[in-house]
Amino acid sequence: MSQHLRDFNDPEAAPILQPELDPIQRGLMNHGETILNGMGVNVSDTSDGKRLVINAGGHMAGMDVHEPDVVIPALLRHGSNGLFYTYTGGADGKPLWTINSDFTAVPGDVNTGNPDSDGLVILAQALHSATERPRKVGRFAARLIAPFMDARAEQQWRMSTSRTKEEISRHYDHRQDFYVGEHGILDQKYTQYSSGLLLPGHEFESLEELQRHKVESIARKLELEGAETLLEIGTGWGGLAIALAEIAPHIKITSLTISEEQAKIARQRIKEAGLEDRIEVLCQDYRDLEPENKFDRAVSIEMIEAVDWRDLPVYFDALTRLVDPKDGVIMLQSINVAPEQEALQRRSNGFASTAIFPGGSLVSLQTISKGMAERGWRMHEATDLTRSYDLTLREWRRNMHTNTSALTDRWVEEGNSPEAVARSNRGFDFYLAFSQAGFRKGTDHIQDWQTSFRPGQ
C-alpha cells in the first residue's frame, strides 16, 4: 500500500489499482453488485460503466463508476482507501469514478461552488450511514481482541525521531505554496492548519475570523498574564506564535518543529514581524529538548494526531518534564474519536493513515485526560470545536478550488506532469472533503477539542 502523500501521484505505488485476481477479488468482481444492493445501494448500468446511488441517513449521493471491475471490489474490500486510490486515478491521470451531481443532494452549508468536491462530502456521509451496522460489529470485534493485538503491536514497536521526521516531512514539506501565500488554502493572517472557532450564537463571517477567535481562546486558556515563557510544540508557519507574542508582549516563546520547510517560512515571518528577540524556532523533536528551566506554559495545536498511540506515554511524559509542575498550564487542541472507536483506530488502514498522515492515530478525549491525570495534570477547561471544523474545512476547500488553476500552471511549469498534478489535487480534495464529512452533525465520526490542564488531581 502506498505510504505517503507524494506516493499516490504514482499509480504503481497503489496496488488497489492493479488488483491481483485472488479468490476474494474474483468473488467481489462477480458478486459485488449483489452485495451493494444488500447494503441499500442502487446499482444501474450506464454507457461507460455503472452508477451507484446511495441514499442513507438523509444523505443522497451518486457515483458514476467508469471501471467497475476495479472500483467496486476496491470499495468493498478497502473502504475509504479503495475509494481514495481509485478517485486519484490510474496511469492516465483520470479518476476511475466521479461524482454524479444530478443524484447528489448538497445542502447549502456544504456548497463551495464545486459540485464534485461538495459531492464528496455528501458521499462520505451517505457511506457512513449505509455502513453503520458493519462498523459497529468491527468496533466490537476490535475491542474484543485489543488486549492481544495491542500487546503484540507494542512489543514490535520501535519508534525513532528520524522516522517521525520522515513522516511529518512527507506531508508538510510537500508544497508550501499549497498551504500558505497568495494561493494557499489557509487564512492569510494566522496561517492555521487546524480548526478555527465559531463562537456560540455567532454567524459565520470568514475563515480569518474563525481563526482569530480560536487564537484568542488559546491565549485566554493559557493565562499568559501570569507567565514569562511559553513552549509551542508544532510551529506550523509561525502564525500562532506571532499572534500570541502580539497578545502578550512580555512572553518569550520557544517553538518546535521537525519540518524544515515550515521552519524557514516561520522564521521569515517572525523576522518581518520584528519578533526575532521574542520567538525562537527550533528544528527539533520535542523528545530531544532539554531546556535549562521548565516552561511556564505549553501549547500544542492538533499535533497529537501525528503521535502513534504506542508513543502517547512519551508525549505526556515530555509535557510533564518540560512544564512547571506547580504553576504551569498546558493547552492542547486535538482531533478525537469516541472511546469505543479507539481499538479500531489502532488498526486502521484508511486513506488518511496510509497516504496522508502515516504513523499517526486518533485517540479519545478521555484517553488524553487520563494520560495527563496520571502525571499530575487535571483538565481545567474544554471547548468543543467539532462543528467549527466543518466550517473551517469547507473554507479550505473553497480556497483550494479558487486557486487550483494558478497552482496547477505553476507546478506544470516547474516540470511536474499534468497527470500527476491532477491526481495530487484530487487526492487532497478527497482528504479535505471526507474529513469535513467526519465533523458534520449526523456523522459524528470525529471531534475536535481545545483543552487546558493545570497541576493537581
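This report looks at aromatic rings and at the surroundings of one leucine.

The model is predicted, so local features need pLDDT of at least 70, side-chain atom pairs count only at pLDDT 80 or more, and totals for chains, interfaces and linings use all residues. Residues are numbered from 1 along each chain as its sequence is written, and side-chain values use heavy atoms, leaving out hydrogens and water.

**Aromatic rings**

The structure holds 18 aromatic pairs. Rings of Phe, Tyr and Trp (its six-membered ring) pair if their centres lie within 6.5 Å; planes under 30 degrees apart are stacked, over 60 edge-to-face, and the rest tilted. One of the pairs is Tyr179 with Trp237, and this pair is tilted. Tyr179 lies in helix H7, while Trp237 lies in the loop between strand E5 and helix H9, so the pair ties together parts 58 residues apart in sequence. Helices (H or I, at least four residues) and strands (E, at least two) are DSSP runs, numbered from the N terminus. Both Tyr179 and Trp237 are buried. Buried means under 20% relative accessible area, exposed over 50%, and partly exposed in between (1.4 Å probe, protein chains only). Ring pairs also link these two into a cluster, whose members include Tyr193, Trp396 and Phe439.

**Around Leu198**

Leu198 sits in the loop between H7 and helix H8. It is partly exposed, because its relative accessibility is 27%. Beyond its neighbours within four places in sequence, Leu198 contacts Glu203, Phe204, Leu210, Ser388 and Leu391. Contact means heavy atoms within 4.5 Å.

| Pair | Distance |
|---|---|
| Tyr179 and Trp237 | 5.2 Å, centre to centre |
| Leu198 and Leu210 | 5.6 Å, between C-alpha atoms |
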